[in-house]
Amino acid sequence: MRHILDIKDLSKEEIEWIIKRALQLKAQKKIQKTLDEKYVLTAFFEPSTRTKISFQKAAMTLGAAVIDFTPESSSLQKGETDLDTILTLDAMEFDAFVIRIRRNNAPAEFSKYLKVPVINAGDGTNEHPTQALLDAVTIYESFGTLKLNVAVVGDINHSRVARSLTELLNKFDATVRFCGPKDFVPTNFDGVELITNDLKEAIEDADVIYALRVQKERLEKSYENIDEFFTKMQINSNTMKMAPRHAVLMHPGPFNRNIEVSDEIVYSERSKILEQVKNGLYSRMAVLELAMGVSNLESVQSRQLTMARL
Ligand code: NCD
């Protein structure tokens with residue numbers, strides 16, 4: 001078994017395996033129940049739609065039983081700490097924990113106490129490894145390689161998604177650029193070639209435009225007209241013209257319509273947003289298998305899938 005806490009921790013070989021396995025599962029008509037008789041606990045201390053439901057459906061598709069811990073109706077309301085909550089749930093003998101929490105590094109902290117895998121489903125502003133993995137699956141599926149120009153646009157400073165995605169793309173020699181309003185982009189970032197406030201500069205030779213939501217729930221100070229701020233860098237049919245014709249739009253969701261992305265572009269032909277959601281299901285199946293040790297790294301090498309350009 002292995003914990004899946006951050007991208008740093010995953011080898012290139014493991015990431016390649018997850019991509020291949022996810023695409024293999026996506027192509028299968030009937031999926032084998034590799035997690036039969038396992039119990040998976042989902043504990044989301046922060047809101048979620050895509051991540052939680054896709055983890056639950058992924059585990060159930062592989063034959064596991066899933067129980068969802070709901071913080072609002074739990075003993076957290078009586079003052080129990082999150083660590084005591086996790087230890088209590090662990091005493092009930094689950095086979096894996098999928099955890100989203102506001103506190104940076106909390107899943108790593110919990111993993112020290114548990115003998116079963118902890119999968120980080122997003123911790124504060126730190127990491128969101130399974131989002132980066134499903135994004136890699138989507139990019140690889142579209143282009144056949146990850147060695148591309150990727151422009152990440154929006155509120156980068158508060159985004160765990162940008163952090164995990166950049167880490168992953170760096171492992172595969174992609175070129176990453178950041179673009180956002182001042183205060184929302186770092187002054188420098190390991191492995192990022194260009195950090196700019198100029199959308200054209202960021203996307204003119206991008207293969208992937210990766211838009212991000214302004215994370216209002218995480219801001220340290222208040223801004224007037226914050227939405228207007230981001231509208232200046234909105235991805236819409238006009239600004240998409242600054243990018244090459246083959247460039248695709250991605251977004252982890254949830255998006256703010258007509259703030260960082262416009263109505264007419266969210267579900268357009270150039271948008272991969274719903275494909276990301278679909279790939280999230282298969283990527284999380286692969287992640288659960290890897291974490292729970294039911295599949296070995298060789299299991300997909302022998303199949304038809306080739307990744308010649310990875
Ligand atoms: C992201 C998250 O929660 O980190 N969403 C997701 O998991 N698809 C991004 C966000 O909330 O903006």
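## Basis of the model

Because the model is predicted, local features need pLDDT of at least 70 and side-chain atom pairs count only at pLDDT 80 or more, while totals for chains, interfaces and linings use all residues. Residues are numbered from 1 along each chain as its sequence is written, and side-chain values use heavy atoms, with hydrogens and water left out.

## The largest pocket

The largest pocket has a volume of about 400 Å³. On a 1 Å grid over the protein atoms alone, a pocket is an open set of points with protein on both sides within 12 Å along at least five of seven lines, whereas a cavity is a set where a 1.4 Å probe fits but cannot get out; lining residues have an atom within 4 Å of a point. Points are joined across faces, edges and corners, and a volume is the space filled by probe spheres set on them. Of the 22 residues lining this pocket, Arg100, Arg160, Arg213, Gly253 and Pro254 are the closest to its centre.

The lining comprises 5 nonpolar, 9 polar and 8 charged residues (nonpolar: Ala, Val, Leu, Ile, Met, Phe, Trp, Tyr, Cys and Pro; charged: Asp, Glu, Lys and Arg; polar: the others, Gly among them). At least two lining residues come from each of helix H2 (50-61) and helix H6 (160-171); helices (H or I, at least four residues) and strands (E, at least two) are DSSP runs, numbered from the N terminus. Domain 1 (7-127 + 279-302) and domain 2 (130-275) both contribute to the lining, so the pocket lies between them; the domain bounds come from an automatic or database domain assignment.

## Surroundings of the ligand

Residues near the ligand (a heavy atom within 4 Å) include Arg50, Thr51, Gln131, Val161, Arg213 and Gln215. Pro252, Gly253 and Pro254 are also among them.

Three side chains make polar contacts, defined as pairs of N or O atoms within 3.5 Å. A polar side-chain atom of Arg160 lies 2.7 Å from a ligand oxygen atom, the corresponding distance for His128 is 2.8 Å, and that for an N or O atom of the Arg100 side chain is 3.0 Å. The protein covers 94% of the 320 Å² of accessible area that the ligand has on its own (Shrake-Rupley method, 1.4 Å probe).

Arg50, Gln131, Pro252 and Gly253 are among the lining residues.

## Backbone features

Most residues other than glycine have a negative phi, and most peptide bonds are trans. The peptide bond from Gly253 to Pro254 is cis, with omega near -5°. Pro254 is in the loop between strand E9 (248-250) and helix H9 (263-266).

Glu93 has a positive phi of about 65° although it is not a glycine. Glu93 is placed in the loop between helix H3 (82-90) and strand E3 (96-101).

Key
A polar contact is a pair of N or O atoms within 3.5 Å; within protein, one must be able to donate a hydrogen and the other to accept it, and residues adjacent in sequence count only if both atoms are side-chain atoms.
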